[in-house]
Amino acid sequence: MASETELREQLATCARIMAMQGLLGLHGHISAYQPEAQRMLISPGSGSDKANLRAEDMVLAGLDGQGLDGKRPPLEWPIHTALHATRADALAIAHLHPPYATLFSISRREYRPITMHSGLFGKGIATYREAHLITSVERGEKLRQAIGDKRAAFQRAHGITVVARNIPELLHI
């Protein structure tokens, strides 16, 4: 398992790459979970310059969403805590707002992986049908139920949440 320092560096690098690819947008965020300590590192929310995030900008938070280092996690922290707390494979999570994912989220069609790279989504991608922010533990739990054992869920008219086993895998997805 990577140290906190290594996770901070990996998370900051991943956030910068995703920001430069137009995936994070103003409100997107990514996290890495430390199961032995039951806490997460999460990128800051809106108002942060995501293309220039550094390791020290990452927020350390508990599964209750409370910042442990004097910084405040993003508004939609319940997305991350609901999944980190209940899925052993959810060691890295991204909540993104890429335009194509948002378009898929409003379609009434099943997503079917057709390329080699989309094989990670062999079980499909769930759809969370409620069009609102995930700002409460209850909504986080509803999203977790919608995702089930899948790797991702489209969030209606909002974006996508993706589950990965580590930060490099999150970047690949």
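D69 is partly exposed, at 29% relative accessibility. Here buried means under 20% relative accessible area, exposed means over 50%, and partly exposed lies in between (1.4 Å probe, protein chains only). R8 is buried, with a relative accessible area of 14%.

This is a predicted model, in which local features need pLDDT of at least 70 and side-chain atom pairs count only at pLDDT 80 or more, while totals for chains, interfaces and linings use all residues. Residues are numbered from 1 along each chain as its sequence is written, and side-chain values use heavy atoms, leaving out hydrogens and water.

## Salt bridges

Side chains of opposite charge can pair when their charged atoms come close. A salt bridge is a side-chain nitrogen of Lys or Arg within 4 Å of a carboxyl oxygen of Asp or Glu. The whole structure has eleven salt bridges. One of them joins D69 and R8, at 3.8 Å from N to O. D69 sits in the loop between β3 (59–62) and α2 (77–86), and R8 in helix α1 (residues 4–20), so the pair ties together parts that are 61 residues apart in sequence. Helices (H or I, at least four residues) and strands (E, at least two) are DSSP runs, numbered from the N terminus. A network of salt bridges links E4, R8, R39 and D69.

| Salt bridge | N to O distance |
|---|---|
| D69 and R8 | 3.8 Å |
| R87 and D89 | 2.8 Å |
| R165 and E169 | 2.6 Å |

How accessible are the other partners? R87 is buried, with a relative accessible area of 11%. D89 is partly exposed, at 27% relative accessibility. R165 is partly exposed, at 47%. E169 is buried, at 11%.

## Nonpolar cores

A nonpolar core is a set of buried Ala, Val, Leu, Ile, Met, Phe, Trp, Tyr and Cys residues joined through side-chain atoms within 4.5 Å. The largest one has 27 residues. Among them, L11, M18, I30, I125, I160, I167 and L170 touch the most other members. At least two residues of this core come from each of α1, β1 (29–34), β4 (92–96), β6 (152–155), β7 (159–164) and α5 (167–172). The largest share, six residues, comes from α1.

Take I167. Leaving aside neighbours within four places in sequence, I167 is in contact (heavy atoms within 4.5 Å) with L7, Q10, L11, C14, A32 and A92.

Another core lies apart from the largest one. This other core has eleven residues, including A90, I134, L143 and I147.
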